[in-house]
Amino acid sequence: MQEKQTDIQPILEQGLTVRLKDPVIVNEGASTYPIKDDIWANWLPFAYKAFRLISQENIRSFAAIGSGLGADAIGAIYAFKGLQKIVVTDLDDKLVQTIEENVKRHAGSIEVISGVGSLCNPLRKKGITVDLMYENLPNIPDSGNIIEGYRRASRFKLDAFKAVNEHAKKYLLESHFAFLLEARESLNPGGSVICSIGGRVPYNIIFSIFEQAGYRAEEVVAGFKIQTEPDEVLPGYANAEHGVEFDFYKYDEVAKRIDLKYLRTLQKIKGNDLKRYLLPERITAKQSLRLYEKDPCYKIGHTIHMIRAWPIQ
């Protein structure tokens, strides 16, 4: 994929419910996670909605962990008017350079700091702490070579994280748990994190991971989206269904039951209520994979949850 320029203005407007005068251009490349033409097929508008709901708070410093493109950090620029410092990180030098360029293009006088490394390591190396950290990390462990390309958006190297929680590992939440353990050292007093989590696991499991990591958590946003990159994601979850099941949904059948446009406009809906309502259309990862293999045009969906959490002292 050659580098191309993409305007994320429509995504920002939908997620932040604002009107912007000018295009908001970012560069996409071979290693960046591709932005989808369908606004709500992206994770970004859900993250922006979470930022909007806490935008009245005094957030002066922000970090995007595993930013991938920088669009998450750009959303923070538009959401938090008192922002003075932004930190962006990812695993690849070239990718981080692209992220930094994208963010600086829109940062104005805000200080932009970039770092290469896993989870919070770039912040620790530089001795940086922030008020708010955001992450949308890969969930699927992979023993193959995933150094190149945007596949790392869905997968991470097997045994990449030293801190292992068997509960988190079983439900493919290992990366989020490892992030939480590291994040507390990189937060200012009173600081918090927002974790972007696909609700493919039982709702209570999500909160148990935060509790086990020593955090107080609350849901800021819950929503429903199509499963993108199904050829990449579904086999990973299907292979992990040993003694556990994951929650996916028949997307078109859900769309018949609920007005998705209306759902996106709701100020807040509880994730457990949403999953309960979608239950008649629930299918497992293995069932989802079979449907997709039979018909690659078959649409699979999943819930999405923006969870904000504070370390328990």
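User: Which residues of α1 meet Leu-44, Pro-45, Tyr-48, Lys-49 and Arg-52 in α2?
Analyst: This is a predicted model, where local features need pLDDT of at least 70, side-chain atom pairs count only at pLDDT 80 or more, and totals for chains, interfaces and linings use all residues. Residues are numbered from 1 along each chain as its sequence is written, and side-chain values use heavy atoms, with hydrogens and water left out. Contact means heavy atoms within 4.5 Å, and helices (H or I, at least four residues) and strands (E, at least two) are DSSP runs, numbered from the N terminus. The α1 residues that meet this α2 set are Ile-11, Leu-12, Gly-15 and Leu-16.

User: How do the residues of the contact of α1 with α2 divide?
Analyst: Ala, Val, Leu, Ile, Met, Phe, Trp, Tyr, Cys and Pro count as nonpolar. Asp, Glu, Lys and Arg count as charged, and the others, Gly among them, as polar. The division is 6 nonpolar, 1 polar and 2 charged.

User: Are α1 and α2 parallel or oblique to each other?
Analyst: Axes are lines fitted to C-alpha atoms, for helices over the stretch in contact, and angles run from 0 to 180 degrees between N-to-C directions. α1 and α2 pack at about 45 degrees, with their axes 7 Å apart. Angles under 35 degrees count as roughly parallel, over 145 as roughly antiparallel, 65 to 115 as roughly perpendicular and the rest as oblique. The pair is therefore oblique.

User: What is the handedness of the crossing of α1 and α2?
Analyst: A crossing is left-handed if the near helix is turned anticlockwise from the far one by less than a right angle, and right-handed if clockwise. For α1 and α2 the crossing is right-handed.

User: At what angle do helix α2 and helix α3 pack?
Analyst: Helix α2 covers residues 44-53 and helix α3 covers residues 71-79. Their axes are 10 Å apart, and the packing angle is about 30 degrees. That makes α2 roughly parallel to α3. The crossing is right-handed, at the angle asked for, about 30 degrees.

User: Which α3 residues meet Leu-44, Tyr-48 and Phe-51 in α2?
Analyst: The residues of this contact divide into 6 nonpolar, 1 polar and 1 charged. On the α3 side they are Ala-71, Asp-72, Gly-75, Ala-76 and Ala-79.

User: How far apart are the axes of α9 and α13?
Analyst: α9 spans residues 230-239, and α13 spans residues 285-294. The angle is about 145 degrees, and the crossing is left-handed. The contact residues divide into 8 nonpolar, 1 polar and 2 charged. The axes are 8 Å apart.

User: How many disulfides does a search of the whole structure find?
Analyst: A disulfide here is a pair of cysteine sulfur atoms within 2.5 Å. For Cys-120, the nearest cysteine sulfur is that of Cys-195, 9.7 Å away. Cys-195 is likewise in no disulfide. The search finds 0.

User: Is Cys-120 buried or exposed?
Analyst: Buried means under 20% relative accessible area, exposed over 50%, partly exposed in between (1.4 Å probe, protein chains only). Cys-195 has a relative accessible area of 0% and is buried. Cys-120 has a relative accessible area of 0%, so it is buried.

User: How many of the 10 residues of helix α7 are buried?
Analyst: Helix α7 runs over residues 174-183 and is largely enclosed by the rest of the structure. Buried residues include Glu-174, His-176 and Phe-179.

User: Where does Val-88 lie?
Analyst: Val-88 is buried, with a relative accessible area of 0%. Leaving out residues up to four places away in sequence, Val-88 touches residues including Ala-64, Ile-99, Val-103 and Ile-113. Its C-alpha atom is 9.9 Å from that of Met-133, 45 residues apart along the chain. Val-88 lies in strand β4.

User: Is Thr-17 buried or exposed?
Analyst: Thr-17 lies in the loop between α1 (9-16) and β2 (25-28). Thr-17 has a positive phi of about 50 degrees although it is not a glycine. With a relative accessible area of 52%, Thr-17 is exposed.

User: What is the relative accessibility of Leu-172?
Analyst: Leu-172 lies in the loop between α6 (166-170) and α7. Phi of Leu-172 is near 55 degrees, a positive value in a residue other than glycine. Leu-172 counts as buried, at 6%.
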